[in-house]
Each structure stands twice: as structure tokens, then as C-alpha cells.
Amino acid sequence: MPPKLGQIVESILYTSDTTKLAEWYKDVMGLKPFIELPAVVGFNLPNNTLLLLFDRARVTEDRVVPGGMIPKHGSPIGLGQHIAFACSGPEELKEWTDHFREKNVTILAETTWEKGGKSVYVKDWEGHVIEVMTTGVWEVY
């Protein structure tokens, strides 16, 4: 039997322009970076999770660091990646929907799930599908 897993700590989106994509997350999502470098911008989220934006051109080869090696990852082209952010409930989801409209962010879809949860979907500057969701979307969330 394998050891117990914890939560997912890092969610990574690959981009051709970390600065431009980071500006979208700062402006539209209200996130504040804890690191901003040409190769990576990182945002600290609740519950000790991180959203990392990696320059896809800088992670295509193994990189030796003082403590070992970071293996290559990512892709030289877009992947159609998707991430979902939690919100506290329908009222807060409506606030997000209104906020996206105020920021002129196109809403791709608004969904009410059979378990009672609700989601709103948008695309970030790079074209990743971003969801803000309440509980009641999945059996386990």
C-alpha cells in the first residue's frame, strides 16, 4: 500500500509571457505574487497551495541546482490547461461573475451542477480555462 498523499501543492500554467500572464492574474483575480522572475511568477493561495506561471521556453531542459536537479517539464506549445479556484458559495460566485464583467473578461459558461454546485468559466490572457466554483460540483467537493 502506498504512503498517504497530501493536498496538491503546486498548479502550474505554462506561458509564452510570464509578465503579461502575471498581470492578468494580479488585475483580474487580485492575486499578489511572492516571486516574480523572468522564468517563473508564483502566487500563494489559501491552504498552502501555489499557482506558478512558468515560461514554457525555459523549462524544456533539465536544470542542475545546488540541491540536485529539476527535470524538464512543460511543453513548447499551448496545452489548453484548466484550473479551478474555490469560492465560499453562490453569493461569492455572483461577485466573481460581476467582477469578470467589470474587467471585460468574457464569460465562457455558467453552470449549475446536478449536486447543487455552481461554476463560472473564463479564459486568462494565455487561453487557459479558469473556473471559479462552489462546493457541490463533485461528490467529494
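**Exercise 1.** Work out the strand order of the open sheet of four strands.

*Solution.* Start with the order, which is β7-β10-β9-β8, with mixed pairing. Strands here are DSSP runs (E, at least two residues; helices are H or I, at least four), numbered from the N terminus, and two of them pair if DSSP finds at least two bridges between them. Next, look for strands that pair on one side only: these edge strands are β7 (82-86) and β8 (107-112).

A word on the model: it is predicted, so local features need pLDDT of at least 70 and side-chain atom pairs count only at pLDDT 80 or more, while totals for chains, interfaces and linings use all residues. Residues are numbered from 1 along each chain as its sequence is written, and side-chain values use heavy atoms, leaving out hydrogens and water.

**Exercise 2.** Find how β7 is joined to β10.

*Solution.* β7 and β10 (residues 129-133) run parallel, joined by five bridges.

**Exercise 3.** Describe how helix α1 meets helix α2.

*Solution.* First take the axes: those of α1 (residues 18-29) and α2 (residues 90-102) come within 10 Å and cross at roughly 120°. That makes α1 oblique to α2. (Angles under 35 degrees count as roughly parallel, over 145 as roughly antiparallel, 65 to 115 as roughly perpendicular and the rest as oblique.) Then list who touches whom, with contact meaning heavy atoms within 4.5 Å: α1 brings D27, V28 and M29, and α2 brings W96, H99 and F100.

Terms used. Axes fitted to C-alpha atoms, helices over the stretch in contact; angles between N-to-C directions.
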